[in-house]
Amino acid sequence: MLGVGHAGARGEWRAAAVEPVAGIASGRAPDTSPSPWPPPSAASRSRPATGTPTAGALSLDEVDAWAVLVAVDGIGPVTLAALLGALGSGRAVLSTAAGPAGPRRLAEAVAARGGRLDARLGRSIVDAAQQAPALVARVRALGIEVLTIESADYPGRLRLLDLPPPVLFVRGDIAAVNPARSVAVVGTRRATERGRRIAGAIGGALSTAGAVVVSGLAIGIDGAAHAAAVACGGRTVAVLGSGHQRLYPRAHAHLADQIVARGGAVVSEFAPDVGPVPGTFPRRNRVISGLADATVIVEARERSGALITASWTLEQGRECFVIPGPIDVEQSVGCNRLLRLYPGLARAVPGVAELLEDLGLVGTAAPAGADSRSLREGRAVGPDPEAILAGRGAAEAAVARVLLPRAATLDELVDATGFAPATILAVLTRLESDGLVVAALGRYGAGGALAATTPRRRPVRVARADVAAKSGE
Amino acid sequence: MLATVLAATLRGLEGRPVRVEVDVAPGLPGFTIVGLADAALRESRERVRGALRNSGFVHPPRRITVNLAPADVPKAGSALDLGIAIAILVGSEQVRPNGRWAMLGELGLGGEVRPVPGLLPMIVALARRGAGRVIVPADALDEARLVPGIEALPAASLGEAVELVRGRRVRGRGPITRAELIPDEAVVRVSPAPADDGWPDLADVRGQAEARRALEIAVAGGHALLMIGAPGSGKTLLARTIRGLLPPLDPAEAQEATVIASVAGEGPVRGFVTRRPFRAPHHTASYAALVGGGPRMSPGEVTRAHHGVLFLDELPEFDRAAREALRQPLEEGRIAIARAGGAVEMPARFQLVAAMNPCPCGWAADPSGRCTCPLGLPDRYAARISGPFRDRLDLWVGMPRVAPEALLAREDGEASAPVAARVAAVWAHQVDTRGRIAGRLTGRALRAACRLDSGAERAAIRLADAAGLTARATERLLRVSRTIADLDGAERVAVRHLEEAARYRVPATAAAAERAG
């Protein structure tokens with residue numbers, strides 16, 4: 001147990017709160033301290049994938065022991081480091097707990113190193129030790145891979161954080177958490193239609209350029225970014241604010257399955273049965289920004305959780321991009337304020353193409369012949385809508401094209417295409433069953449791969465434009 | 001002396017003949033009514049006493065016993081007043097009757113004879129019993145004369161009724177009554193249903209092409225329709241245009257509707273009801289108000305909407321029990337009410353049209369993201385509509401808010417008249433070819449009506465699979481596509497009809513936008 005012994009020897013598990021970036025994340029959990037974890041060593045262990053659970057805590061391997069320990073309510077990175085430092089390994093902690101006078105011996109061991117173990121926490125560890133085989137069996141049955149900070153596959157970007165999460169529960173391809181390029185796209189759950197469209201365009205463009213899209217699987221911006229990446233066949237990583245068994249929001253369970261099916265991963269630092277409680281989400285946000293080279297904030301209200309992600313991003317020394325918005329729209333207040341508070345740190349995004357340029361992703365996968373002008377017009381980034389619509393009937397293509405920049409009602413579709421309402425409704429069903437259109441209460445928007453395209457910039461529509469469009473028919 | 005007069009009482013929508021037997025006997029003065037009389041009927045003593053005195057007769061200071069036969073049938077209401085008064089006059093030998101008489105009417109203290117609810121079915125019952133003539137309140141003569149095979153003689157007052165019973169024809173009005181000093185309630189309320197003007201025309205609805213289309217399909221096939229949209233998107237306006245789109249009642253339906261109108265007691269009926277009813281109870285309406293009941297087993301909104309439309313605005317705000325009680329009538333076209341006094345069954349074959357906001361604040365799924373409800377609440381709001389209830393709603397349509405400037409820029413929509421003509425044509429076609437409108441097709445009849453060509457069959461299976469439709473929801477899809485095909489003049493249901501029908505299926509709910517990301 002090279003790594004843990006080292007951590008214990010450094011004795012740095014006692015929390016020394018790091019100042020958050022001023023003014024934004026004042027309310028977050030002070031669970032940060034200089035990293036007690038060593039860099040990964042060649043001796044890092046990984047568990048054989050086909051291991052079968054056996055009875056008794058002592059027969060667990062070390063990775064599982066860590067998983068069992070972090071599942072105990074009250075054990076965070078700091079306490080885990082203290083226990084490992086005191087007893088040498090996770091297995092030793094569990095076997096001590098399972099042995100005679102477990103709680104007392106645990107407390108003594110921690111006290112010997114100058115720490116203190118709460119009596120109730122000691123009893124919880126004893127309980128966990130007894131139920132360990134069942135938990136491990138369940139984790140395997142759920143197809144969840146456990147990565148500890150000692151695993152070779154543990155995301156290198158997270159290792160760079162102060163006090164990274166000691167254990168990650170990963171569903172899907174663990175390679176997705178360690179990609180060449182990864183960009184987080186986050187924003188408010190109460191997104192506007194426009195915000196979701198922008199998030200989709202960014203997710204699609206990043207995916208097409210070969211970057212992994214990291215987000216939080218929340219409804220609103222997060223979901224739109226994930227869905228666009230999935231639709232482009234790209235890899236995307238969803239970081240949960242709860243355990244895998246308590247996936248939140250439930251409405252995105254299907255999206256999570258799709259993410260896994262397309263070679264992405266769903267990640268949580270929480271044990272499978274941890275429920276979604278308010279405190280878990282700021283911690284989740286730290287992992288989101290920590291897994292990415294840069295974070296893009298699409299829409300944030302004045303007190304949005306996305307701002308916490310932004311402050312983690314800056315604190316972690318990663319790049320933070322912000323989509324500016326109209327000053328009279330609630331969902332843009334947080335974004336605009338970030339730009340004002342952190343000039344030079346938070347960077348404004350004038351367009352998807354410029355974002356890719358700034359991220360250095362343009363060269364990676366931009367179609368041949370893309371010049372800077374076409375980039376600026378939003379043509380050459382992301383999937384090509386005409387390619388998606390190739391082979392479709394005239395009515396379908398016409399309707400889909402209207403929906404590319406923004407969602408529309410049947411009235412607007414009739415005005416724009418000239419087709420009869422009944423025809424358009426049938427066309428919408430066809431597009432919807434192919435996943436290219438999403439319908440919500442009489443409004444139809446681009447969906448799937450279409451939502452991942454970059455909409456061309458258009459003049460703002462005003463009432464007079466409507467009149468002109470009508471009279472021009 | 002014993003005197004007998006024929007009258008009737010009401011149970012549900014049916015009249016039942018009642019023999020009013022009065023014994024005026026020597027003894028301590030008193031006035032007793034026996035025979036399961038309800039509160040209104042027991043108070044009849046006071047009305048009869050006053051009417052007798054103020055019409056120039058004597059309330060005999062003797063022992064008066066009124067028996068209402070058959071004794072085991074509960075009797076309700078004031079329609080027996082006139083019969084009791086005349087029987088007392090005959091029993092106390094103040095009047096010598098010319099033959100046997102049947103009569104119905106409520107008495108005022110001044111002797112006026114007033115209309116009563118349900119006169120029509122009560123007279124029908126008397127006619128079936130073989131009564132050849134019946135004295136009715138003069139104000140309700142039109143209603144009484146709708147019944148063939150029985151002579152209805154009007155009496156505006158007890159005095160006129162006495163003249164009729166004595167065998168003299170009455171001319172002019174009877175003695176001076178309070179009615180001439182203060183306008184009689186019944187006289188004031190003579191105008192029947194509200195005039196047609198005041199009801200909106202489809203031309204008043206701008207935009208909302210999808211909801212207009214769904215409404216036309218719903219009315220053409222008699223399908224249940226649910227409109228979901230933000231406040232001010234025009235749900236209620238659109239629903240109220242339905243009145244102008246419905247085809248007129250056929251004669252058999254008109255008879256039923258007229259009986260219901262008579263029993264509903266909104267003033268005497270002036271003639272056969274020919275327009276389909278449109279009922280819009282408020283969401284605070286009680287269970288009894290919706291399904292019917294009460295001591296007189298009076299018809300509820302579901303029965304008053306028989307052969308017409310029941311519009312429930314703010315559907316989730318209705319009392320859950322009341323809402324769930326609509327399932328039986330939606331399925332069977334009738335409502336059974338069981339109370340302590342016995343069970344009654346009333347017809348209730350209505351088309352349900354409902355409207356709701358997508359969430360309590362009303363703004364879920366608005367592109368502005370301005371919904372202030374806690375996240376997840378819109379889903380729970382929609383979940384107030386139970387699964388079985390959802391299954392009975394054939395068409396769901398979302399109504400996005402139309403921006404005011406877009407509204408002004410838009411021309412008036414198509415007017416009601418051409419839409420009503422299309423609806424009437426489809427309605428007639430459906431009844432001619434299949435015996436019933438598509439909204440009432442089920443099971444084998446539905447499958448026979450919707451025989452699909454192989455392309456459409458595959459499309460239907462694909463659509464049902466893609467949307468994860470249940471068997472019942474698939475049936476709903478077929479029903480709606482049948483009406484769409486009929487509107488299209490197509491004999492067979494084609495793929496495009498199915499595809500359009502699929503637009504109106506269930507979760508156009510608030511959360512859909514969010515789910516889609």
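Modeller: Domain bounds here come from an automatic or database domain assignment. The model is predicted, so to speak of local features we need pLDDT of at least 70, while side-chain atom pairs count only at pLDDT 80 or more and totals for chains, interfaces and linings use all residues. Residues are numbered from 1 along each chain as its sequence is written, with chains lettered from A and ligands numbered from 1 in the order in which they are written.

Colleague: Into which domains is chain B divided?

Modeller: Chain B has domain 1 (2-188) and domain 2 (202-511). Taken over C-alpha atoms, the centres of these two domains of chain B are separated by 44 Å.

Colleague: How many residues of domain 1 of chain B are in contact with domain 2 of chain B?

Modeller: Two residues are in contact if their C-beta atoms, placed from the backbone, lie within 7 Å. In chain B, 20 residues of domain 1 meet 20 residues of domain 2.

Colleague: Which element gives the largest share of the domain 1 side?

Modeller: Helices (H or I, at least four residues) and strands (E, at least two) are DSSP runs, numbered from the N terminus. On the side of domain 1 of chain B that touches domain 2, α4(B) has the largest share, with three residues.

Colleague: And what about the contact between chains A and B?

Modeller: Chain A brings 38 residues and chain B brings 38 residues. Elements of chain A that each supply at least two residues to its side include α8 (193-208), α20 (421-433) and β11 (437-440). The most comes from α20(A), with eight residues.
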